[in-house]
Amino acid sequence: MSIVTSLRSAQFVRVAETARASVSFVLDGVEAEALAGDTLLTAILTQQRRVRRSEFSGEPRAGFCQIGACQDCWVRSEDGTRLRACSTPLREGMRVLTQPDSRSDSQFVTENEVKEGDAQ
Ligand code: FES
């Protein structure tokens, strides 16, 4: 799969540092590629125009602050872990969901809860 994405389908267009190593991940069940060093937000927005849909209006959202402060870029891994896309480094093989599903938020755990649980 090419990392060069159509201007129509992606929010971000990569114009520099295109020689970094490729990283494969799965976005909403579809194989995708981004580059080593990308945040999850960058990886998603070089594939499509939104990172999630607003839980209030259903409108597409693409993050806002890009620095981990606004809470506008939450996505989930397929195991249910909530991920703040703008501050989460993309890792090889990540399986990410940007679509809401039938599970309620109370069934998901945050990144910090997982890390605390791992330390025990
Ligand atoms: S874009 Fe604001 S917290 Fe991620």
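1. Arg-76 stands opposite Arg-82 in strand S6. Residues are numbered from 1 along each chain as its sequence is written.

2. Strands and helices are DSSP runs numbered from the N terminus, with at least two residues (E) for a strand and at least four (H or I) for a helix. Two strands pair if DSSP finds at least two bridges between them. S5 and S6 make a hairpin with four residues between them, and Gly-80 in its turn has a positive phi of about 100 degrees.

3. Asp-79 also lies in the loop between S5 and S6. Is Asp-79 buried or exposed? Asp-79 is exposed, because 10 other C-beta atoms lie within 10 Å. The classes are set as follows: a residue is buried if 20 or more other C-beta atoms lie within 10 Å of its own, exposed if 12 or fewer, and partly exposed in between, with C-beta atoms placed from the backbone. The C-alpha atoms of Asp-79 and Val-96 are separated by 9.0 Å, while the two residues are 17 apart along the chain.

4. Val-96 belongs to strand S7, where it stands opposite Ser-77. S7 (residues 95-97) pairs with S5 in the antiparallel sense over two bridges. What is the strand order of the open sheet? The five strands are arranged as S2-S1-S7-S5-S6, with mixed pairing. S2 and S6 stand at the edges, each with a single partner strand, so one side of each has no neighbour in the sheet. From one strand to the next the twist averages 45 degrees, where axes are lines fitted to C-alpha atoms, for helices over the stretch in contact, and angles run from 0 to 180 degrees between N-to-C directions.

5. As a whole, the protein chain has two helices and seven strands. Of the 120 residues in the protein chain, 26% are buried. Among contacts between residues at least 6 apart in sequence, 49% join residues at least 24 apart; two residues are in contact if their C-beta atoms, placed from the backbone, lie within 7 Å.

6. The largest nonpolar core has 19 residues, of which Phe-25, Leu-40, Leu-41, Ile-44, Val-51, Ala-85 and Leu-90 touch the most other members. Strand S1 (22-27), strand S2 (30-35) and helix H1 (40-45) are the elements that give two or more residues to this core, and H1 supplies the largest share, five residues. Such a core is a set of buried Ala, Val, Leu, Ile, Met, Phe, Trp, Tyr and Cys residues joined through C-beta atoms within 7 Å. Apart from its neighbours within four places in sequence, Ala-85 is in contact with Thr-39, Leu-40, Leu-41, Ile-44, Val-51, Gly-63, Cys-73 and Val-75.

7. Two loop residues deserve a remark on backbone geometry. Most residues other than glycine have a negative phi. Asp-28, which is not a glycine, has a positive phi of about 50 degrees; Asp-28 sits in the loop between S1 and S2. Asp-28 counts as partly exposed because it has 15 C-beta neighbours inside 10 Å. Gln-66, likewise not a glycine, has a positive phi of about 65 degrees and is placed in the loop between S4 and S5. With 16 other C-beta atoms within 10 Å, Gln-66 is partly exposed.

8. Ser-54 lies in the loop between strand S3 (52-53) and strand S4 (60-61). Ser-54 is exposed, because 11 other C-beta atoms lie within 10 Å. Leaving aside neighbours within four places in sequence, Ser-54 is in contact with Glu-59 and Arg-61. The C-alpha atoms of Ser-54 and Asp-72 are 8.4 Å apart, and 18 residues separate the two along the chain.

9. On confidence, the mean pLDDT of the protein chain is 84, with 76% of its residues at 70 or more. Residues 102-120 have pLDDT below 50, and beyond near neighbours in sequence this stretch has 16 contacts in the model. The pLDDT is the predictor's confidence in each residue, from 0 to 100. Where it is low, the predicted coordinates should not be read in detail.

Definitions and conventions. Predicted model: local features only at pLDDT ≥ 70, side-chain atom pairs only at ≥ 80, totals over all residues.
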